[in-house]
Amino acid sequence: MQAWRVHTHGEPREVMRLDEVPAPEPGEGEVRLRVLAANVNFPDALLCRGQYQIRPDLPFTPGVEVCGETEDGRRVIVNPRLPHGGFAEYVTADARALLPAPEALDDAEAAALHIGYQTGWFGLHRRAGLRAGETLLVHAAAGGVGSAAVQLGKAAGATVIGVVGGKAKARTAEELGCDLVVDRHAEDIVTRVKEFTGGRGADVVYDPVGGDAYTASAKSVAFEGRIVVVGFAGGTVPAPALNHALVKNYAILGLHWGLYNTKDPAAVRACHDELTRLAGTGAIRPLVSERVPLDRAADAVQRVADGTTTGRLVVLPATGGAR
(Lines give C-alpha, C1' and ligand atoms only; values in the text may rest on other atoms or scores of the structure.)
Protein backbone atom coordinates (compact mmCIF):
# COMPACT_ATOMS: atom_id res chain seq x y z
CA MET A 1 0.00 0.00 0.00
CA GLN A 2 0.98 3.67 -0.17
CA ALA A 3 1.69 5.56 3.04
CA TRP A 4 3.29 8.90 3.88
CA ARG A 5 6.17 8.37 6.31
CA VAL A 6 8.38 10.69 8.32
CA HIS A 7 11.99 9.52 8.34
CA THR A 8 13.48 12.55 10.13
CA HIS A 9 11.90 15.44 12.03
CA GLY A 10 11.29 18.80 10.36
CA GLU A 11 8.71 20.75 8.39
CA PRO A 12 5.99 18.45 6.95
CA ARG A 13 6.56 19.30 3.30
CA GLU A 14 10.27 18.51 3.69
CA VAL A 15 10.16 15.33 5.79
CA MET A 16 7.01 13.49 4.67
CA ARG A 17 7.71 10.93 1.96
CA LEU A 18 5.20 8.78 0.06
CA ASP A 19 6.43 5.20 0.36
CA GLU A 20 5.26 1.80 -0.80
CA VAL A 21 5.00 -0.36 2.34
CA PRO A 22 3.22 -3.53 3.50
CA ALA A 23 -0.26 -2.98 4.95
CA PRO A 24 -0.07 -2.94 8.77
CA GLU A 25 -1.02 -6.12 10.61
CA PRO A 26 -3.45 -5.68 13.50
CA GLY A 27 -2.24 -6.76 16.92
CA GLU A 28 -4.27 -8.22 19.76
CA GLY A 29 -7.48 -6.24 20.23
CA GLU A 30 -6.91 -4.27 17.01
CA VAL A 31 -8.61 -4.15 13.63
CA ARG A 32 -7.37 -3.08 10.22
CA LEU A 33 -9.38 -0.43 8.41
CA ARG A 34 -9.44 0.81 4.83
CA VAL A 35 -9.02 4.58 5.07
CA LEU A 36 -11.89 6.43 3.43
CA ALA A 37 -10.79 9.88 4.59
CA ALA A 38 -8.11 11.28 6.92
CA ASN A 39 -8.55 14.70 8.48
CA VAL A 40 -5.48 16.96 8.79
CA ASN A 41 -4.90 18.25 12.32
CA PHE A 42 -2.30 20.65 13.72
CA PRO A 43 -0.85 17.80 15.85
CA ASP A 44 0.14 16.10 12.58
CA ALA A 45 2.52 18.99 11.95
CA LEU A 46 3.83 18.77 15.51
CA LEU A 47 4.43 15.05 15.04
CA CYS A 48 6.48 15.79 11.92
CA ARG A 49 8.50 18.37 13.85
CA GLY A 50 9.02 16.05 16.82
CA GLN A 51 7.23 18.55 19.06
CA TYR A 52 4.13 16.58 20.00
CA GLN A 53 3.66 14.97 23.43
CA ILE A 54 3.74 11.60 21.66
CA ARG A 55 6.94 10.86 19.71
CA PRO A 56 6.62 7.64 17.72
CA ASP A 57 9.78 5.93 16.55
CA LEU A 58 11.00 6.87 13.08
CA PRO A 59 9.82 6.19 10.46
CA PHE A 60 6.11 6.68 11.18
CA THR A 61 2.97 7.71 9.34
CA PRO A 62 1.15 10.81 10.68
CA GLY A 63 -2.62 11.26 10.52
CA VAL A 64 -4.42 11.10 13.86
CA GLU A 65 -8.07 11.05 12.75
CA VAL A 66 -9.82 8.96 10.10
CA CYS A 67 -13.09 7.73 8.77
CA GLY A 68 -12.48 4.13 7.77
CA GLU A 69 -14.21 0.97 6.65
CA THR A 70 -14.08 -2.32 8.57
CA GLU A 71 -13.71 -5.67 6.85
CA ASP A 72 -17.46 -6.24 7.26
CA GLY A 73 -18.27 -2.90 5.58
CA ARG A 74 -19.06 -0.68 8.58
CA ARG A 75 -18.15 3.01 8.32
CA VAL A 76 -16.38 4.13 11.51
CA ILE A 77 -14.45 7.03 13.04
CA VAL A 78 -11.30 6.42 15.06
CA ASN A 79 -7.86 7.67 16.06
CA PRO A 80 -5.42 5.22 14.40
CA ARG A 81 -2.67 3.54 16.37
CA LEU A 82 0.63 5.27 15.65
CA PRO A 83 3.10 4.61 14.01
CA HIS A 84 0.46 3.59 11.42
CA GLY A 85 -1.35 6.92 11.05
CA GLY A 86 -4.11 7.91 8.67
CA PHE A 87 -2.21 9.31 5.67
CA ALA A 88 -2.15 5.86 4.14
CA GLU A 89 -4.48 3.41 2.45
CA TYR A 90 -4.86 1.22 5.55
CA VAL A 91 -4.49 1.73 9.31
CA THR A 92 -4.81 -0.29 12.49
CA ALA A 93 -6.87 0.83 15.46
CA ASP A 94 -8.14 -0.31 18.86
CA ALA A 95 -11.32 -2.27 18.18
CA ARG A 96 -12.91 -0.89 21.37
CA ALA A 97 -12.39 2.70 20.20
CA LEU A 98 -14.37 2.45 16.96
CA LEU A 99 -17.27 4.90 16.74
CA PRO A 100 -20.03 4.69 14.11
CA ALA A 101 -19.77 7.41 11.48
CA PRO A 102 -22.93 9.55 11.43
CA GLU A 103 -25.13 8.83 8.42
CA ALA A 104 -25.74 12.58 8.04
CA LEU A 105 -22.07 13.19 7.16
CA ASP A 106 -20.03 12.09 4.17
CA ASP A 107 -16.64 10.42 4.67
CA ALA A 108 -14.63 13.67 4.69
CA GLU A 109 -17.01 15.35 7.12
CA ALA A 110 -17.09 12.29 9.37
CA ALA A 111 -13.27 12.21 9.44
CA ALA A 112 -13.31 15.80 10.72
CA LEU A 113 -15.94 15.25 13.42
CA HIS A 114 -14.03 13.49 16.15
CA ILE A 115 -11.11 15.44 17.63
CA GLY A 116 -12.21 19.01 16.94
CA TYR A 117 -15.84 18.59 17.98
CA GLN A 118 -15.07 16.37 20.98
CA THR A 119 -12.53 18.97 22.12
CA GLY A 120 -15.09 21.72 21.61
CA TRP A 121 -17.88 19.89 23.42
CA PHE A 122 -15.72 18.95 26.43
CA GLY A 123 -14.20 22.42 26.55
CA LEU A 124 -17.46 24.34 26.34
CA HIS A 125 -19.72 22.03 28.34
CA ARG A 126 -17.70 19.83 30.68
CA ARG A 127 -14.99 22.36 31.54
CA ALA A 128 -16.60 25.78 31.09
CA GLY A 129 -20.27 24.93 31.68
CA LEU A 130 -21.46 27.17 28.85
CA ARG A 131 -25.09 28.23 29.31
CA ALA A 132 -27.68 29.48 26.84
CA GLY A 133 -27.64 33.26 26.66
CA GLU A 134 -23.97 33.59 27.56
CA THR A 135 -21.38 35.19 25.29
CA LEU A 136 -18.69 32.93 23.86
CA LEU A 137 -15.47 34.29 22.34
CA VAL A 138 -13.70 31.92 19.94
CA HIS A 139 -10.18 32.58 18.68
CA ALA A 140 -9.23 31.29 15.20
CA ALA A 141 -12.96 30.98 14.53
CA ALA A 142 -12.53 30.12 10.83
CA GLY A 143 -10.06 27.29 11.49
CA GLY A 144 -10.83 23.62 12.02
CA VAL A 145 -10.90 23.71 15.84
CA GLY A 146 -12.44 27.17 16.07
CA SER A 147 -15.22 26.52 13.55
CA ALA A 148 -16.31 23.49 15.57
CA ALA A 149 -16.50 25.61 18.74
CA VAL A 150 -18.52 28.27 16.90
CA GLN A 151 -21.10 25.72 15.75
CA LEU A 152 -21.30 24.07 19.18
CA GLY A 153 -21.66 27.45 20.85
CA LYS A 154 -24.54 28.41 18.57
CA ALA A 155 -26.16 25.00 19.13
CA ALA A 156 -25.98 25.66 22.89
CA GLY A 157 -27.78 28.98 22.53
CA ALA A 158 -24.77 31.23 23.12
CA THR A 159 -23.99 34.54 21.47
CA VAL A 160 -20.74 33.90 19.60
CA ILE A 161 -17.90 36.33 18.88
CA GLY A 162 -15.38 34.99 16.37
CA VAL A 163 -11.83 36.31 16.13
CA VAL A 164 -10.06 35.74 12.81
CA GLY A 165 -7.10 37.00 10.82
CA GLY A 166 -8.02 38.54 7.47
CA LYS A 167 -11.06 39.34 5.34
CA ALA A 168 -11.42 35.87 3.80
CA LYS A 169 -11.53 34.23 7.19
CA ALA A 170 -13.93 36.91 8.41
CA ARG A 171 -16.37 35.91 5.66
CA THR A 172 -16.08 32.28 6.69
CA ALA A 173 -16.80 33.13 10.33
CA GLU A 174 -19.85 35.13 9.29
CA GLU A 175 -21.13 32.19 7.26
CA LEU A 176 -20.65 29.93 10.30
CA GLY A 177 -23.11 32.14 12.19
CA CYS A 178 -20.91 34.29 14.41
CA ASP A 179 -22.91 37.16 15.89
CA LEU A 180 -19.82 39.38 15.77
CA VAL A 181 -16.62 38.85 13.79
CA VAL A 182 -13.41 40.63 14.80
CA ASP A 183 -10.54 40.80 12.32
CA ARG A 184 -7.47 40.96 14.52
CA HIS A 185 -5.45 42.32 11.60
CA ALA A 186 -7.60 45.43 11.41
CA GLU A 187 -9.38 45.77 14.76
CA ASP A 188 -8.57 45.72 18.47
CA ILE A 189 -10.07 42.57 19.97
CA VAL A 190 -10.59 43.92 23.48
CA THR A 191 -12.24 47.15 22.32
CA ARG A 192 -14.66 45.36 19.98
CA VAL A 193 -15.61 42.75 22.59
CA LYS A 194 -16.26 45.37 25.26
CA GLU A 195 -18.32 47.47 22.85
CA PHE A 196 -20.39 44.48 21.76
CA THR A 197 -21.05 43.27 25.33
CA GLY A 198 -21.74 46.69 26.87
CA GLY A 199 -18.48 46.56 28.80
CA ARG A 200 -19.13 43.17 30.39
CA GLY A 201 -16.84 40.99 28.30
CA ALA A 202 -17.16 37.36 27.22
CA ASP A 203 -18.46 34.76 29.67
CA VAL A 204 -16.44 31.98 28.05
CA VAL A 205 -13.28 32.29 25.92
CA TYR A 206 -12.16 29.35 23.78
CA ASP A 207 -8.46 29.72 22.98
CA PRO A 208 -6.58 27.23 20.77
CA VAL A 209 -3.96 29.86 19.84
CA GLY A 210 -2.11 31.11 22.94
CA GLY A 211 0.39 33.97 22.82
CA ASP A 212 -1.18 37.34 22.06
CA ALA A 213 -4.60 35.71 21.78
CA TYR A 214 -4.43 34.68 25.43
CA THR A 215 -3.43 38.22 26.43
CA ALA A 216 -6.54 39.50 24.68
CA SER A 217 -8.60 36.76 26.32
CA ALA A 218 -7.62 37.86 29.82
CA LYS A 219 -8.53 41.44 29.00
CA SER A 220 -11.82 40.46 27.35
CA VAL A 221 -13.20 37.92 29.83
CA ALA A 222 -16.17 38.87 32.00
CA PHE A 223 -16.53 38.80 35.79
CA GLU A 224 -16.70 35.12 36.77
CA GLY A 225 -15.86 34.22 33.18
CA ARG A 226 -13.94 31.14 32.07
CA ILE A 227 -10.97 30.91 29.71
CA VAL A 228 -10.54 27.46 28.19
CA VAL A 229 -6.94 26.83 27.13
CA VAL A 230 -7.08 24.34 24.25
CA GLY A 231 -3.67 24.69 22.57
CA PHE A 232 -0.91 26.94 21.35
CA ALA A 233 -1.21 27.03 17.56
CA GLY A 234 0.34 30.52 17.61
CA GLY A 235 3.60 28.96 18.80
CA THR A 236 3.89 30.78 22.14
CA VAL A 237 2.85 29.28 25.46
CA PRO A 238 1.59 32.16 27.65
CA ALA A 239 2.46 32.62 31.31
CA PRO A 240 -0.83 33.74 32.92
CA ALA A 241 -0.71 36.49 35.54
CA LEU A 242 -2.55 34.76 38.38
CA ASN A 243 -2.93 38.01 40.28
CA HIS A 244 -5.02 39.26 37.34
CA ALA A 245 -7.26 36.17 37.54
CA LEU A 246 -7.64 36.82 41.26
CA VAL A 247 -8.64 40.48 41.09
CA LYS A 248 -10.96 39.94 38.10
CA ASN A 249 -12.59 36.71 39.36
CA TYR A 250 -12.16 34.53 36.29
CA ALA A 251 -11.13 30.90 35.87
CA ILE A 252 -8.37 29.48 33.65
CA LEU A 253 -9.30 25.97 32.56
CA GLY A 254 -6.98 23.55 30.82
CA LEU A 255 -8.27 20.97 28.37
CA HIS A 256 -6.36 17.92 27.16
CA TRP A 257 -9.18 16.03 25.48
CA GLY A 258 -7.06 12.95 24.77
CA LEU A 259 -6.97 12.11 28.49
CA TYR A 260 -10.68 11.34 28.46
CA ASN A 261 -9.98 8.36 26.19
CA THR A 262 -8.22 6.66 29.11
CA LYS A 263 -9.72 8.44 32.14
CA ASP A 264 -13.39 8.36 31.09
CA PRO A 265 -14.01 6.57 27.78
CA ALA A 266 -17.74 6.37 28.53
CA ALA A 267 -17.89 10.17 28.42
CA VAL A 268 -16.22 10.14 24.99
CA ARG A 269 -18.87 7.74 23.67
CA ALA A 270 -21.68 9.78 25.22
CA CYS A 271 -20.25 12.90 23.58
CA HIS A 272 -20.11 11.10 20.22
CA ASP A 273 -23.77 10.18 20.57
CA GLU A 274 -24.62 13.84 21.20
CA LEU A 275 -22.49 14.99 18.26
CA THR A 276 -24.21 12.42 16.04
CA ARG A 277 -27.58 13.80 17.16
CA LEU A 278 -26.52 17.37 16.45
CA ALA A 279 -25.18 16.38 13.03
CA GLY A 280 -28.48 14.66 12.27
CA THR A 281 -30.40 17.86 13.02
CA GLY A 282 -28.02 19.98 10.95
CA ALA A 283 -26.87 21.99 13.99
CA ILE A 284 -23.25 21.04 13.31
CA ARG A 285 -21.42 20.07 10.13
CA PRO A 286 -17.64 20.03 9.81
CA LEU A 287 -16.41 22.81 7.54
CA VAL A 288 -14.41 20.86 4.96
CA SER A 289 -12.80 23.47 2.73
CA GLU A 290 -10.72 21.05 0.65
CA ARG A 291 -10.69 17.35 -0.17
CA VAL A 292 -7.20 16.46 -1.39
CA PRO A 293 -5.81 13.25 -2.93
CA LEU A 294 -3.30 11.14 -1.04
CA ASP A 295 -0.35 12.38 -3.10
CA ARG A 296 -0.93 15.95 -1.82
CA ALA A 297 -1.09 15.10 1.88
CA ALA A 298 2.32 16.58 2.77
CA ASP A 299 1.36 19.92 1.24
CA ALA A 300 -1.95 19.87 3.13
CA VAL A 301 -0.21 19.25 6.47
CA GLN A 302 2.24 22.07 5.74
CA ARG A 303 -0.53 24.53 4.96
CA VAL A 304 -2.33 23.69 8.20
CA ALA A 305 0.98 24.13 10.05
CA ASP A 306 1.41 27.55 8.42
CA GLY A 307 -2.07 28.67 9.44
CA THR A 308 -3.10 29.61 5.90
CA THR A 309 -6.21 27.42 5.71
CA THR A 310 -9.85 27.81 6.68
CA GLY A 311 -11.95 24.95 7.96
CA ARG A 312 -10.65 21.43 7.45
CA LEU A 313 -8.41 19.84 4.84
CA VAL A 314 -9.21 16.16 4.41
CA VAL A 315 -7.08 13.60 2.57
CA LEU A 316 -8.90 11.02 0.42
CA PRO A 317 -6.67 7.99 -0.26
CA ALA A 318 -6.34 6.54 -3.74
CA THR A 319 -8.31 3.44 -2.77
CA GLY A 320 -11.39 5.60 -3.32
CA GLY A 321 -14.94 4.58 -2.52
CA ALA A 322 -15.49 7.75 -0.50
CA ARG A 323 -19.02 9.09 -0.39
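**Entry 1**

I began with helix H4 (residues 114-127) and helix H11 (residues 265-281), which pack at an angle of about 100° with their axes 10 Å apart. That angle makes H4 roughly perpendicular to H11. I am working from a predicted model, and I keep that in mind throughout.

Next I looked up who makes the contact. From H4 I noted His114, Tyr117, Gln118, Trp121, Phe122 and Arg126. From H11 I noted Ala267, Val268, Cys271, His272, Glu274 and Leu275. I sorted the residues of this contact by type: seven are nonpolar, three polar and two charged.

**Entry 2: how covered is H4?**

How many of the 14 residues of H4 are buried? I found ten, so I wrote H4 down as mostly covered, with buried meaning under 20% relative accessible area. The buried residues are His114, Ile115, Gly116, Tyr117, Gln118, Thr119, Gly120, Phe122, Gly123 and Leu124. I then stepped just past the end of H4. There Gly129 takes a positive phi of about 60°.

**Entry 3: the sheet**

I traced an open sheet of six strands. Its order is S10-S9-S8-S11-S12-S13, and the pairing is parallel. Which strands sit at the edges? They are S10 and strand S13 (251-254), each of which pairs on one side only. Neighbouring strands of this sheet are turned by 20° against each other on average, direction ignored.

I also checked what lies on the sheet. Helix H6 (residues 167-176) packs on it and touches S9 and S10. The direction of H6 makes about 165° with that of S10. H8 packs on the sheet too, touching S8, S11, S12 and S13. The direction of H8 makes about 155° with that of S12.

Then I looked at single pairings. Strand S12 (residues 221-229) runs parallel to S13, and four bridges join them. Arg226 has Ala251 in S13 as its bridge partner. Between S8 and S9 I found five bridges, and these two strands also run parallel. Here Leu137 stands opposite Ile161 in S9.

**Entry 4: Gly162 in S9**

I stayed with S9, which is mostly covered: five of its six residues are buried. I picked Gly162, which has its place in this strand. Is Gly162 buried or exposed? It counts as buried, because its relative accessibility is 0%.

What touches Gly162, leaving aside its neighbours within four places in sequence? I listed Val138, Ala141, Cys178, Leu180, Val181 and Val182. Glu20 is 142 residues away in sequence and 43 Å away in space, C-alpha to C-alpha.

**Entry 5: helix H7**

My last stop was helix H7 (residues 189-196). Its buried residues are Ile189, Val190 and Val193. Why are they on the same side of H7? They cover an arc of only 95° around the axis, so they share a side.

I then asked what covers the buried residues of H7. The cover includes strand S8 (135-139), strand S9 (159-164), strand S10 (180-183) and strand S11 (202-207). Helix H8 (212-220) is also part of this cover. Just after H7, Gly198 takes a positive phi of about 65°.

Key: Residues are numbered from 1 along each chain as its sequence is written. This is a predicted model: local features need pLDDT of at least 70, side-chain atom pairs count only at pLDDT 80 or more; totals for chains, interfaces and linings use all residues. Side-chain values use heavy atoms; hydrogens and water are left out. Buried means under 20% relative accessible area, exposed over 50%, partly exposed in between (1.4 Å probe, protein chains only). The arc is that of the directions from the helix axis to the C-beta atoms. Contact means heavy atoms within 4.5 Å. Axes are lines fitted to C-alpha atoms, for helices over the stretch in contact, and angles run from 0 to 180 degrees between N-to-C directions. Angles under 35 degrees count as roughly parallel, over 145 as roughly antiparallel, 65 to 115 as roughly perpendicular and the rest as oblique. Ala, Val, Leu, Ile, Met, Phe, Trp, Tyr, Cys and Pro count as nonpolar, Asp, Glu, Lys and Arg as charged, and the others, Gly among them, as polar. Two strands pair if DSSP finds at least two bridges between them.
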